[in-house]
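Q: Could you walk me through this one? I have not looked at it before, and I would like to go piece by piece.

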Amino acid sequence: MNSQGTSLRAYVLTRLALAIPTVLILLTMVFGLMRVAPGDPISAALGGRVPPEELEQRREAAGLDEPLIKQYFQYLGNALTLDLGTTINDDRKVTSIIVENGSATLELTMAAFALALVVGISIGLLAGYYRDTWIDLSGRMFGIVIYAAPVFFTGYLAQLLFAGELGWLPSSGRASPIVEFELDQVTHFYLIDTLITGNWDAFWDVLQHLILPAVTLGLLISGVLIRLVRVNLLQTMRGDYVEAARARGIPERQVVIQHAFRNAMVPVVTVAGLQFAILLGGAVLTEQTFNWPGIGAELVRYLNERDYIAVQGIITIFALAVVVVSLVIDLINAFIDPRVRY
Amino acid sequence: MRTPRILKPFAQATGMPRTLLYSGVIIVLFFVILAIFAPWIAPYGFDQVSADGVRFPKQGAPDSAHLFGTTVQSTDVLSRVVWGSRTAIEVVVLALIFSLTIGVPLGLISGYVGGKLDRTLVLIMDALFAFPYLLLAIVIAFLLSDKLGQGVVTAALAITAVYIPQYYRVVRNHVISVREESYVEAARALGAKRMTIIRRYVLQNVIQNVPAIATLNAADAILTLAALGFLGYGIQPTEAAEWGYDLNRAIDDAGAGIWWTGLWPGLAIVLLVTGFTLVGEGLNDVLNPVIRARRLRKPKMDEAEVEAEEEPSHA
Amino acid sequence: MRGRRIALAAIAATSLSLGATACGGDDEGGSSSSGEADTLIQGTTDQPVSYDPAGSYDLPSSNIIFNVYQNLLQVPPGGNAPEPEAAEECDFTDDSGTTFECTLKEGLKFSDGTDLTSEDVKVSFDRNLAIADPQGASSLYLNIKSVETPDDQTVVFNLKAPDATWPFVLTSSGAAIVPAESDPDKVIPSDQVIGSGRYMVAEYEPGQQTVLEANPEYTGDDAAQIDRVIIQYYEKSSTLKQAVEQGEVELAYQSLSPTDVEDLESQDGLSVIKGPGSAIRYLNFNEDLQEGSDEQKLAVRQAVAQVIDRESIADNVYNGTALPLYSMVPAQVKFHTESFADEYGETPDVDAATQTLEDAGVETPVPLEIWWTPTHYGPASGDEYAEIQHQLEESGLFEVTLESTEWNQYSEAAFTDKYPAFQLGWFPDYPDADNYASTFYATTSFLNIHYSNPEMDDLLAEEKASTDEGVREEAFAKIQELGAKEAPMVPYIELSQVAVAVDGVTGVEDTLDPSYIFRYWLVSKD
């Protein structure tokens, strides 16, 4: 127990220490990318529209006349204290973009992820359990094809069918305009906001809006999970303890359900968490397709407007999120599965 | 005659992996043929809007003159799908060449030399790998488009940046395990030059893992290209036909019940990506039946050895 | 209580309309969505920049500004001359046309209950000029020497130069009256603006919605008929179109793609309302970046003007929601002439173009690099330029390379000598021909395409300084003729305004006029 405690602490410390250079590298990358961009942020957004003197003034105010190295450290400092500046074009605090639009993205991705887990795990287990049968083949093919279909194509088909042809579900947005207006935004998660105010009709409206985008994105991720679960189950079923259980004469079905399934899930759940990056990328496209006011849609909008401060801020947050999520998952993993620590 | 190493998996494949592998190869070949012979297969040019002085209908439904219908710009959908496969294959090939020529040598050197260089590179590549790949591609495509314009090369470079870390990791991990193999030790003991060892022994051995990753990455490359096109950071519509861009335009048609402008380019993407994935999965199954699909994994150093183990094929 | 009731009604309506669309989208699909008679839900793809008159210059912002503030003068619906709004009366008080005096109406109040006085008017202009926001329109008011307020009800504008268009200038959105207490050096956040107009901004969430509510303090004519307007933003024309089909919005305005408009026209329960537009599209040539001698540059421009098939662009790209345009001054604006048709004929003439190029000794095919932007002029821009490319290349006289980039970069590069030829569009600050003439043809034009002709500058000064209709008409005729001959820019289409309303929404047709102001106060619901 004691030695385990020590090794756990050692692992956590090492893992934390490793996260630091990763954060630094990512932030450096973001800073570098934004400086490679043609022109500085201020002239890119405002050039040609303000007199040169004012441009100069604004650049000075933004600290852009400082030496690059100073700007770099300034940026690092700001990023680490989550002071991400204010957008050039519409004077919004980047942190408020993250709260308002980030919550939309989180709501979408969490719903999608929940769906992906259910679909992915069940199909993956089935495919693995019935290895090399038609069930396996169709399960795998489903996974491959659903992953091969870009979200904007799946979304387009879903919109054509469920919003256009059948008219069952709204095709875009996060809520009906009037619900959007009436809604008290407490948590910025609409499902929760409508629940805590007990407004069931609004809840239903929000839920309806969530279905198409969440299913589209969720199916994509389920494609990834199917493979993962299947392969893991196959690996576990060849494991010693499963063999041992078999040898003890325990019925195959019970072996699989009691031993293999459970053990196959441990790596799956942790690795699944690492689909975060794919999820974020997919969310950009899903948001674009379904007019979902998330942070990915905002990123694209600000990129189009060349608002580099906004772009830099949003990417910085993405980078930090990726590091934090993988850190948290590794730590959880370490608690669950002692083998990881060595 | 001995089967060339790279074709070995095809000969070894049986059962389901064989089915996957072969159907994948057929699909990919189909698109490669479309790509190469596009000028002969496509009924019209990708931006042609009239033939013999007669203008094509705008958003015309599929009929005998235009099997897949026409777009909002009066171009022929079938022709655009065919020419689109040329664009897709071009970008994939370029992206593969770029990322192989950078990723593989980096991995080889880093893995073989080890030490500080190795540790630094691993950190950088891991960081790159962790970053949401689509965002990286978007930002790079966006930045490059100012310097290189929005063409095939820009798209390929944006995709390359995403995949270098993957090749790097696989190759490096493999090299680390191969480095300790007895025949490499022997060569070193015999006084072979470092570069010779890397080239003759390590590279030879490592290279056979590349096709599986390359095909899986090719699938992802097609998706990334389409996503770039969909978001408007891809290839200029006047430079080449590109499926993602066509889908983007088709979404505007969808509401008006015009399904043919989006369905075909969309299906083309799905089919080609499926083809590449099948080949990749098939190769994986054959080379290493318990290997986890590469791109799904988080890089973790201690897994290098597991992965590098070459198990005999289970049929 | 009230909020809750509205929400319920809307939900009921949504599910009802969903049911209705499911059985084939009959006429219930539209009208059932009406929520409550006192709320109008509009959808649009146009996002505003700022609701502070000092901070914006764009159509969606101006639209809200016209509904939230008052100007001294306004262009009445369907009219083409300024009339008093906040002013009781306005006029030039000297012969030289440099002193312009307005008397305010009695009893005007801002929505926060404070009185509107001449001081507020003065501050509005001073502040706009002082802030000089890059996104704003302060350049329109540079002719102001000073603004005086002899008493609470009187405002006097002292102008630097005689300006017959000054009454028109006072109708532009940047001339809206803000309270004197407004932050003197910063643009006010859009959800905190205060005006004296028919509506107030109740809520603004960028990218999502703007909510307007009727201003209880408004005392003028034509008060709002609908208590609340919700403006919902959509990314794409296609989603906006689906929203109006499903009854999620009751009014769709700016900008549905031509395809969507055509499809909506055939649907029950909706009406497509088209109004004359004064938004134009034109192709500019930067003379410094053109190749060859001055004569050859001119020949190339003329040949382009001769080869472009305007009818085909209007019909094939815009499905008839645009009209061919033969002058920089659109047809609905007073003093318009068909100068390009007079000069080059109404239909394309490849032979004449060939001759023009040959006479100037220009080698064909002429390489042309043309720039356009996909992010500012609506979803059909790409199609528009693909079409122009086809037309130019089909003539055999040109070899076109199309280039595009997003708007922010585009607008910088286009005006700083980076693009030899480029697409632009224009909608008026005020519906006077001057806004389509001196803006483009003056040596000092913002276009910076190095077109300069002293004769043109003289004509422009003449029309600007004169209040005599006859003098102005003659000057504008000459300006348009000269503009067509020298073709520094080639106009090709003007766009109609299109709004789609579900049945039961009335009054939309009254506001679709060349002024491009969407007046919510004219709209009502049965």
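Q: How many bridges join strand 4 of chain C to strand 5 of chain C?
A: Keeping in mind that this is a predicted model, there are five bridges between strand 4 of chain C and strand 5 of chain C, and the two strands run antiparallel. One of the pairs puts C:Asp91 with its bridge partner C:Glu101, which belongs to strand 5 of chain C.

Q: And what do strand 4 and strand 5 of chain C form, with how many residues between them?
A: They form a hairpin, with six residues between the two strands, and in the turn C:Gly97 has a positive phi of about 75 degrees.

Q: Which strand of chain C does strand 5 join through residues 99-104, besides that one?
A: Strand 5 of chain C is also joined by five bridges to strand 7 of chain C, residues 154-159, and these two run antiparallel. Within that pairing, C:Thr99 stands opposite C:Asn158 of strand 7.

Q: In what order do the strands of the sheet in chain C come?
A: The order is 4-5-7-6, which gives an open sheet of four strands with antiparallel pairing. Strand 4 (87-92) and strand 6 (144-151) of chain C are the edge strands, each of them pairing on one side only. From one strand to the next, the twist averages 15 degrees.

Q: What packs on that sheet?
A: Helix 4 of chain C, residues 118-131, packs on the sheet and touches strand 5, strand 6 and strand 7 of chain C, while its direction makes about 165 degrees with that of strand 6.

Q: Which residues of strand 5 of chain C are on the covered face, and which on the uncovered one?
A: C:Phe100, C:Cys102 and C:Leu104 make up the covered face of strand 5 of chain C, whereas C:Thr99, C:Glu101 and C:Thr103 lie on the uncovered face.

Q: Switching to chain B, at what angle do helix 4 and helix 10 of chain B pack?
A: Helix 4 of chain B (residues 77-113) and helix 10 of chain B pack at about 125 degrees, and their axes are 10 Å apart. Helix 4 of chain B is therefore oblique to helix 10 of chain B, and the crossing of the two is right-handed.

Q: Which residues make that contact?
A: Helix 4 of chain B contributes B:Ala88, B:Val91, B:Val92, B:Ala95 and B:Leu96, and helix 10 of chain B contributes B:Ala214, B:Ala218, B:Ala221, B:Ile222 and B:Leu225. By class, this contact has 10 nonpolar residues, no polar and no charged.

Q: How do helix 7 and helix 10 of chain B cross?
A: The axes of helix 7 of chain B (residues 152-179) and helix 10 of chain B come within 10 Å and cross at roughly 150 degrees, so the two helices are roughly antiparallel to each other. This crossing is right-handed. Among the residues in contact are B:Tyr163 and B:Gln166 of helix 7 and B:Asn217 and B:Thr224 of helix 10 of chain B, and the contact divides into 11 nonpolar, three polar and no charged residues.

Q: Last topic: how many residues does the contact take from chain B and from chain A?
A: The contact takes 42 residues from chain B and 44 residues from chain A. On the side of chain B that touches chain A, helix 12 of chain B gives the most, with nine residues, and that side has 30 nonpolar, six polar and six charged residues.

Terms used. Residues are numbered from 1 along each chain as its sequence is written. Chains are lettered from A and ligands numbered from 1 in the order in which they are written. This is a predicted model: local features need pLDDT of at least 70, side-chain atom pairs count only at pLDDT 80 or more; totals for chains, interfaces and linings use all residues. Two residues are in contact if their C-beta atoms, placed from the backbone, lie within 7 Å. Ala, Val, Leu, Ile, Met, Phe, Trp, Tyr, Cys and Pro count as nonpolar, Asp, Glu, Lys and Arg as charged, and the others, Gly among them, as polar. Two strands pair if DSSP finds at least two bridges between them. Axes are lines fitted to C-alpha atoms, for helices over the stretch in contact, and angles run from 0 to 180 degrees between N-to-C directions. A residue is buried if 20 or more other C-beta atoms lie within 10 Å of its own, exposed if 12 or fewer, and partly exposed in between; C-beta atoms are placed from the backbone. Angles under 35 degrees count as roughly parallel, over 145 as roughly antiparallel, 65 to 115 as roughly perpendicular and the rest as oblique. A crossing is left-handed if the near helix is turned anticlockwise from the far one by less than a right angle, and right-handed if clockwise.
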